[in-house]
Each structure stands twice: as C-alpha cells, then as structure tokens.
Amino acid sequence: MSELSRSPLHALHEAAGAQFTEFAGWSMPLRFGSELAEHRAVRETAGIFDLSHMGQLRAVGPDAGRMLDHALAGRISQLEPGRAKYTLLLAPDGGILDDLIVYAQAADDFLIVANASNRGTVSAELSQRARDFEVVVRDESDDAALIAVQGPASRAVLGAVTGLDAARLDDLRSYRAASIPFGDGELFAARTGYTGEDGFELYMPAEDAERVWTAITDAGEPLGLVRCGLAARDSLRLEAGMPLYGHELTREVLPQQAGLDRVVALDKPGGFVGDEAVRKGPPEGARVLVGLHVEGRRAARAGSPVRHGDREIGEVTSGMLSPTLGMAIALAYVDPRFAVTGTNLEVGIRSSLAAASVCELPFYLRKAAA
Amino acid sequence: MSNPDDLRYTAQHEWLRIEGDEVTIGITDYAAEQLGDVVFVELPEIGARVERGAVVAEVESTKSVGEVYAPAAGEVVARHDDVVDAPESINGDAFEAWLFRLRVDDPASLEGSGLLDRDQYLAQLGG
C-alpha cells in the first residue's frame, strides 16, 4: 500500500490531539475529543472541519458550461457565477459514479468538488467527456484545501474572523458562493455544507490552510466553536438524511432509486451521459432508499438485513443511534412495495431482530433561521 | 478499586480481576478510546451459562461495536447495570466501569489461556 495522503493541516490536528483514521487513502481526523460533543456543538453552536481530502477539479474554457451539461446530470450551463449546484456524475447505464457540488466562478470557470474516493474517476471521466469541447479539466486537489464551518453560530464565527457583519454574510444565501476578504487576502466562501445546519465551506490554496484554520479557531473558540472529525461529519449527515457515496450512492444505483430525480435535468437540450438509462428507469421492483426508525438503542449498521415477515426485502446502508433524536435511525434500500411511510419492518442487528418503521426524510430538520 | 496493574488482560482488550473462582470483566481504556463515545451496553442475564470464547456482552459506540468474550466457561453472577444506564462511564474510567462477573467452572483454566499482565498488554498495543 502506498503511504496515506495528509492534509496541509495535519500538523495542527496532531498538536490538537486528533485521533486519525484512514479514509479514501487519506489520514484525516476521526475525532478530536468526544465525537458526541463535536456533533452537539454543530447542532447548538458551531464546528470546524478539515475537508481537504475532497477532490477539487476545475473546468475552464469557453465550452465549460456546455461540456458539464453533457458530462453531468444537472443543467450546469445555466448556473450564474456565484451559484452552486448539487449534481451527479452518471455512467452511460445511469449508475452513479459520484455526487458532486459544482460552483460557477465565472461564465467559463467551474469548480467541481468530488468525493475523495472518486477523485480519480471524476477526473478521468470529465477529461474524456471533454474531448469534443473547448475546455480544460484540471485536478487541483493536491494544491487545494477545504475548511467547513457549520452550525447556528457559524455566521457569527465567520463574522468575528473576517470583520464582515451578519447582513454582508447573509448576501451569501444558501448555495451561493463568493470571494470574501480574509486577513490581508481573500478566500472563496460558499453557503453549503453536509450537516443539516447553516454553514460555510471555505476554499483556499493549500499554503493558506494553516493560517485560515488558526484564525477561525482563535476567533471561534470563545463563541463555542469546536474542532470536529469525520465521525461527527458522518453522524450529522446521516441525521440530515444526506446520502454518502459508497453507502447510499453506488455504481449500481440509478438516481431515482436514491430519491435524486430532482437533480437530474432530463429536459436538458443535447442530452447527457446516462440520460437514456435514467429515462428508462430502474427495472420493476428495484429497491429504493428509505429512512427507518428502529426500536431500541442498538444501531443497525451497513449490511444489516431488512425483513418483512420471513422475507428479506432490503438492506441497511447507514445506521446509528441518533445523538440529537435519541433514537436509532437508518438509511436502507428496500423493495418499493415496502417503501411507504409507516410500513412496519424488521432489521436484523447481529443475532436478533429489531422492529423498524419507514419514516420521512430527513430524520432531523433544523428550525428555520430567525 | 481497580488498579490497572493488579488486573489481567486479554488480546481482545478486556481486563479481568480474578478473585478465587470469580472473575470481574470490563474493557480496557485503550478499547474505550478506540471505540469512541460509548452509547449502548448490553449485558448478560444473571444466572446465564456461558462457554469460553462466547460473546457475552456488547459495547457499542456511535461508530462500531465491541464484543466482550467469556474468558472461561462459567455462570454470570453479577452485572453492572449502572453502565447500562450511563454507557459514557466507560469512557470516563474504563477500569471502574466493570461489565459483569463470572463464576468460572475451573479457575485453573484461566491460567493457560494466554492472559497478559499490564506491561505485556501495553507492549502488544505498541506492536
């Protein structure tokens, strides 16, 4: 095995006492202290995450928008500069190769953020799909860092460190992005996240990462900001009902099965890779993604079977005891006949069965901002 | 009441306090740290018969499950329900948060079962 990649913030995390984990070829903080305390901080105040393992690619050129319309499931060319879009990279057979966020930075310049595990696939696919277009696709991941500040106090934390007032930061509405002043330079800030809370994701060159991280933690800790690892990131996204590539999203799943029809622009002029397969849809009876409330305090885990009577009708893809809700929750793919909210099912948890019922997603929805 | 130096250890990260034919069992500080925040503990019923190597208890964190094995055949004679009510106490002090007590059929069988002392246990963590 080759050596694990390290974030430009690795030394700072080590000094802060992080426990590291291997994730998609990277050594990243799993937790800094208690992951439950980190989770709670994001729900109640704010947390800071190092996401420098994420892939950062760029498509630049006069055809960039048109190329991305062809390569991705969403209508990217219509994205005004300063807007972000959640989208999918599909295989010709409609299977999901990755889920992405695309930021329009200019009419001919798009930042594409990919899962660390899929960076190579995304880079190769986009380059290949770009061949007939006047556009250059670059993988900038090695020189780039990403820091997320998430939680109800994230705006106050960013205000404290940048000097921008709340109104100015709120010009950056949900799924908008812009350059903001930071210290004596600037960085690219987006109102996006993966926690179910208000928050920001900050993009910067790797050499700026330590300075930005330190400035935010110094200004943020008096406001309740807590360093968070990937354990809290996973528990927060699961409560928010957000899919994780490799669990809910895979090469074998069509967007409809994952409940992502809305991100596929089937009416796009010119079509896109995978459109025919999506239009045709999955085979009759293909399993669909649902949320489950599970009785008891034992967590179903990825791979746990879902049963109805004596038949296995599905499989859990993610599960845990929800820290915020205090109940066991899970995401699962089930036979569509059992996908209706309120359907009573059972989940095999190691040697026993636990009662479960299909519920609405997300499990946790934050209250509207004041 | 539990001095880590007076305990015996297994390679599966359990600690054992052996008093005559009774063995009190918990998970080590190292195991607790690796698991992360413990959110659920399942303990055996008092009076349950267990075989050596059987899974007797489960210690579950937000991310994973730690199984606790019986170091010898015997009968469960006590369980620590405080830990069920407050699973986080295992993260607080893993050596106070014992899980269950076993009366073993043959105390001599423990000696041949590869138990470690504290130094040996810590040494194998490094390896």
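1. In chain A, UniProt (an unreviewed entry) assigns the feature "domain: GCVT N-terminal" to residues 9-268. Please keep in mind that this is a predicted model.

2. Chain B has its own annotation: an unreviewed UniProt entry lists "domain: Lipoyl-binding" for residues 22-103. For residues 22-103 of chain B, the end C-alpha atoms lie 4 Å from each other, with 20% helix and 43% strand along the way.

3. Back in chain A, have a look at the open sheet of five strands, which pair antiparallel in the order β6-β7-β8-β5-β9. The edges are taken by β6 (84-90) and β9 (136-139) of chain A; each has a single partner strand, so one side of each has no neighbour in the sheet. On average, neighbouring strands here are turned by 30° against each other, direction ignored.

4. How many bridges join β6(A) to β7 of chain A? There are seven, and β7 (residues 96-106) runs antiparallel to β6(A). As a landmark on your screen, find L89(A), which sits opposite D98(A) in β7(A).

5. Helix α3 (residues 64-71) of chain A packs on it, touching β5 (55-60), β7 and β8 (109-114), with its direction at about 125° to that of β5(A). Helix α4 (residues 119-129) of chain A lies across β5, β6, β7, β8 and β9, and runs at about 10° to β5(A).

Technical notes
Residues are numbered from 1 along each chain as its sequence is written. Chains are lettered from A and ligands numbered from 1 in the order in which they are written. This is a predicted model: local features need pLDDT of at least 70, side-chain atom pairs count only at pLDDT 80 or more; totals for chains, interfaces and linings use all residues. Two strands pair if DSSP finds at least two bridges between them. Helices (H or I, at least four residues) and strands (E, at least two) are DSSP runs, numbered from the N terminus. Axes are lines fitted to C-alpha atoms, for helices over the stretch in contact, and angles run from 0 to 180 degrees between N-to-C directions. Two residues are in contact if their C-beta atoms, placed from the backbone, lie within 7 Å. UniProt positions are given in the numbering used here, feature names are shortened, and annotations may be inferred rather than shown by experiment.
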